[in-house]
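Please consult the sequence and structure shown below while reading.

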Amino acid sequence: MTQLRILLLFICLLSLSPLLLATESQQFYIELEQLHSEGRLAFEEASDYPLARQKFQKGLELALNNDEWSGIFHTALGIVYQEWGKFQQAQEHFQTALDIDFETANQIGTLDTIKKVIADFNNLGVVYDNLGERQRALIAYQSVLEIRRQLGDQEGESQVLTNLGVFYLNQGNYQSALEYFSTAMTIQTRLATQSFEPDKRKEYQRQIAENFSNLGISYQSLGDDLLALKYLEQALSLQRELQNKSGEGTVLNNLGNVYNLRQDYQSASCHYQAALEIQRDLEKQQDQAITLANLGDISRKQQDYDKALEYFQQAQSIYQQKPNKRGESAVIVNLGEIYYLKSQEQDQQLLKTAYQTFQRGYQSLQEIRGEDRWRAQSGLANIEVLWKQFPDAIQHYQEALDNLEELRTGIKSDNFRQSFMADDEKLQVYDNYMALLSQRVQHHQKQRDSQATTQMQREAFELFERKQGRMFLEEMGKSVAGSLGRYLLPSELWTKEAQLAKSLSQVTQQLTNELAKGEPDIEHLHVLQTQHIELVKQETELQQQIAIDHPNYSALKYPKPVALDTLQQQVLQKNEAILIYHVRKKATDVWLIGPGHFEMFSLPLTANTLKEQVDKFRETGVDSAKTTDSSKLSESLKNAQKKFINASATLYQTLFPPEIRQRLASVSPQILYIVPTEALYQLPFEALVTDHSEDKPHYLIQDHAVSYLSSASLLKTLREARNIRLKTTSQTSRQPVLVFTNPDYPLCPEPKGETTGEIIMPTQLRRQIYLKGMNMPDGQECFGKLAGTEGEDILKVFGVFEPQPSPFLQKDTEASKTNLLKFNDNDAKPGLDDFQYILFSTHAVVPDPVTPLNQPALILSHKRTTDDGFLTMTDVFGLTMNADLVVLSACNTGRGEAVKGEGVRGLTRAFMYAGTSAVVVTLWSVETQSTEQLSIQLFQELKSTKGELLAKSLQNAKIAMLNDPIHFYPYFWAGVVIFGEGQLGN
């Protein structure tokens with residue numbers, strides 16, 4: 001029945017005159033009431049489904065010739081079977097109830113009879129959803145929702161909203177699911193507060209508990225385990241308070257899922273077993289199947305495949321007796337994975353069984369549009385690779401990735417998109433496909449099929465760009481749009497977009513603060529989350545409007561991975577090349593790309609081998625500098641130099657085998673962009689020894705200026721942004737340089753021989769550190785004074801030094817966070833966005849692990865009680881710059897949180913987001929004097945090259961260090977690297 005027909009029925013029914021039902025004996029009604037009450041008590045209070053069914057069935061038999069009571073008992077039986085997981089029986093009873101109630105409504109037309117018809121449609125929608133009949137479910141839900149709203153039935157509306165949330169959750173549309181659950185819970189909370197009836201209030205609380213659980217499931221699906229735990233723990237507490245054993249079992253199972261996500265398999269198993277015990281007591285077989293499948297998943301992850309197979313087969317057995325297409329489809333895919341894993345890629349019979357199982361799972365998931373389709377498609381492709389059915393494997397990998405992209409696109413929150421994709425199982429699909437493409441490249445090369453070789457190499461490169469650094473690319477797009485949108489959009493749209501972004505940022509920060517509390521206010525948390533969802537919805541609608549009316553701006557704000565032709569023809573300059581290293585578990589893919597050159601290489605370099613070699617490089621070149629006596633630093637480096645040269649030369653030969661060296665020599669780029677992954681994030685390539693046949697080693701930096709990128713696509717976004725800035729804003733009026741140097745820190749105890757500039761990095765930096773500054777007992781958490789004239793010397797380079805206090809030089813107590821934020825004020829003259837170069841010569845803190853309230857931070861002056869002194873990553877995201885280069889000379893500023901598929905999230909990205917083309921950062925705890933010398937030399941080079949050759953300027957500064965009799969060791973210069981744009985201009 002269509003929505004229009006239902007609405008017409010609703011209008012017609014309101015115009016009917018009510019009729020009186022025939023009365024029957026009072027005793028007859030008393031008996032029916034008693035059976036219904038006993039059945040309801042068994043169902044709601046004891047979760048005794050067999051007893052509830054018995055009572056309702058007896059009532060149905062007694063009320064056989066009474067339509068009103070027959071409809072009531074059919075509905076009651078449908079609800080019991082639905083909760084029991086017996087959806088076919090539930091559908092039959094709900095359909096019969098609908099037929100009866102529909103006829104009664106036609107005859108009588110009272111509001112109560114109309115509501116019964118609406119409830120029947122809603123119940124059928126739930127059953128259709130569980131049976132995988134997606135379109136019928138959606139029509140039923142949407143129709144019922146519209147009518148309930150017209151009737152002003154808020155309780156009924158909240159129930160339908162909850163059902164729609166579950167519907168969209170099952171489809172993998174998490175944003176819509178969150179929206180519906182939050183809206184439903186807002187209504188239910190209001191109704192519970194207003195209700196004076198204890199039973200009604202208890203029912204609303206039960207609904208609230210269910211939606212707490214639903215919200216937890218949604219966030220767990222998005223990969224936000226912290227928020228998921230908050231909601232699920234609240235749901236568990238409320239279900240226990242209500243003594244709802246059935247609900248308690250459901251929440252325990254969902255908590256097990258979160259611990260499973262966190263790889264805490266012991267806690268997950270305990271929660272699953274507790275849930276299973278409750279479910280068996282209540283004879284809830286469908287729920288048992290879900291929990292058994294979850295236990296199977298844990299066994300699979302722990303490589304106990306026999307146990308996993310046993311659990312999954314038990315779950316499948318239940319689904320075969322009690323059909324549930326969605327649940328059974330997921331179990332079938334899991335069985336396929338177990339057969340595949342047990343085959344060890346050699347047992348052909350098991351592989352055949354796995355393939356057939358994946359096919360069945362895929363067909364079933366395709367019918368219901370299940371979110372796990374990518375798992376079935378990936379499973380089919382993995383086996384097709386073994387069977388050398390390469391065209392089929394390529395097709396299935398592409399379909400799997402398209403489905404993952406579709407799911408990812410539906411997630412509007414940046415954090416949730418990141419956590420959704422930072423998942424080994426999802427990222428493995430990219431890597432497996434990459435392994436196949438790499439294999440096909442080598443095959444076509446042997447066949448001397450240059451056309452097929454190039455085609456596969458192109459596909460492999462563009463696959464890497466789809467996987468790598470997508471979040472950062474999207475962040476940069478938003479940054480560019482935020483700073484330049486006023487020039488590209490009509491003023492009213494720009495204002496509306498900016499206001500929405502500001503409101504969303506504020507609510508996000510409030511959410512972060514609430515979550516950080518030991519005991520968050522769950523109601524306040526929900527209010528904030530509801531606001532967040534509504535703002536995301538408004539922002540999405542505005543984005544859709546802008547995409548239609550202003551497609552060029554939309555393309556800039558939401559950049560897509562770069563295509564090879566675009567990169568070669570529109571992005572790279574003649575003297576540039578990009579070298580990409582994609583480190584996989586068992587091999588490494590390398591691409592060398594220039595304006596007129598493109599080639600892919602496959603290195604037999606495993607992730608573990610590479611990590612060992614990088615660790616050796618750092619151990620001999622960096623860790624050797626760790627000495628308790630700074631006067632012995634040079635001696636320590638000298639003693640380790642031979643070992644370092646050997647380690648560095650070995651790593652160079654590993655990363656640059658003869659074929660790559662030959663191609664690089666033929667391309668001969670002045671500026672070499674490097675895209676690292678995995679352990680290579682910690683490696684300064686410029687310190688690789690390319691030749692040590694003579695006494696003096698030759699380093700890569702002597703051949704190429706080097707700059708680092710998270711992906712090739714980032715360079716395209718950076719250059720598009722710069723081109724727009726050149727066209728829309730004045731660059732000639734910018735001031736040359738702003739320096740924050742030598743901040744005023746709390747006094748430290750006398751140093752005991754520590755290396756100058758060595759930073760103290762607390763491993764657990766908590767919020768109270770940010771609030772209390774350095775007020776720690778016995779001066780344990782303090783920073784040594786940074787003595788030096790670096791700031792003054794750099795100002796002299798540009799001829800802007802003045803004897804009196806200068807706005808270009810913020811030092812001592814003036815080098816504070818408060819003063820920095822003053823520069824960021826819209827009315828500031830000069831403002832932060834008026835400077836071409838910005839230097840922070842300070843200390844820094846890079847905590848491990850990184851959390852929303854425990855972030856990388858620059859440490860500015862913080863003697864003032866109103867200034868905490870910590871310029872955090874979040875603070876930097878809020879700055880507005882228009883700088884060509886920002887220099888962060890503190891220790892470890894290039895380090896941060898390594899995110900799979902993304903790279904390192906830290907201060908580097910934050911400053912680029914704030915509006916700079918490039919950032920100079922450090923990869924280890926640097927030595928103060930040499931870093932100051934390098935910084936001054938860098939700015940001298942920038943001035944001589946008119947600021948266009950950023951990477952070349954740093955290269956020249958490093959080569960100058962090589963000629964220094966003291967600071968020629970790589971420890972002094974190699975850890976300072978440039979990330980982002982390597983040269984400005986066309």
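The protein exposes about 42100 Å², and carbon and sulfur atoms supply 47% of that area. The model is a predicted one. Further overall values are collected in the table.

| Property of the protein | Value |
|---|---|
| Helices | 39 helices |
| Strands | 18 strands |
| Residues counted as buried | 58% of the 986 residues |
| Contacts between residues 24 or more positions apart | 72% of the contacts with a separation of 6 or more |

**A pair of helices**

Helix H12 spans residues 245-261 and packs against H14 at an angle of about 20 degrees, the two axes lying 11 Å apart. Angles under 35 degrees count as roughly parallel, and H12 and H14 are therefore described as roughly parallel to each other. Their crossing is left-handed. On the H12 side, the contact involves Thr250, Asn253, Asn257 and Asn260. These residues meet Asp287, Ile290, Thr291, Asn294, Asp297, Ile298 and Lys301 in H14. By class, the contact of H12 with H14 comprises two nonpolar, six polar and three charged residues.

**A residue in H14**

Helix H14 covers residues 285-301 and includes serine 299. Is serine 299 buried or exposed? Serine 299 counts as buried because its relative accessibility is 7%, and the cut-off for buried is under 20%. Leaving aside residues up to four places away in sequence, serine 299 touches Asp304, Lys307, Ala308 and Tyr311.

Key: Residues numbered from 1 in each chain as written. Predicted model: local features only at pLDDT ≥ 70, side-chain atom pairs only at ≥ 80, totals over all residues. Heavy atoms only, no water. Helix = DSSP H or I, 4+ residues; strand = E, 2+ residues; numbered from the N terminus. Buried < 20%, exposed > 50% of the residue type's maximum accessible area, 1.4 Å probe, protein only. Contact = heavy atoms within 4.5 Å. Areas by Shrake-Rupley, 256 points an atom, 1.4 Å probe, with all protein chains shown as cover. Axes fitted to C-alpha atoms, helices over the stretch in contact; angles between N-to-C directions. Parallel < 35°, antiparallel > 145°, perpendicular 65-115°, else oblique. Left-handed = near helix turned anticlockwise from the far one by under 90°. Nonpolar A, V, L, I, M, F, W, Y, C, P; charged D, E, K, R; others polar.
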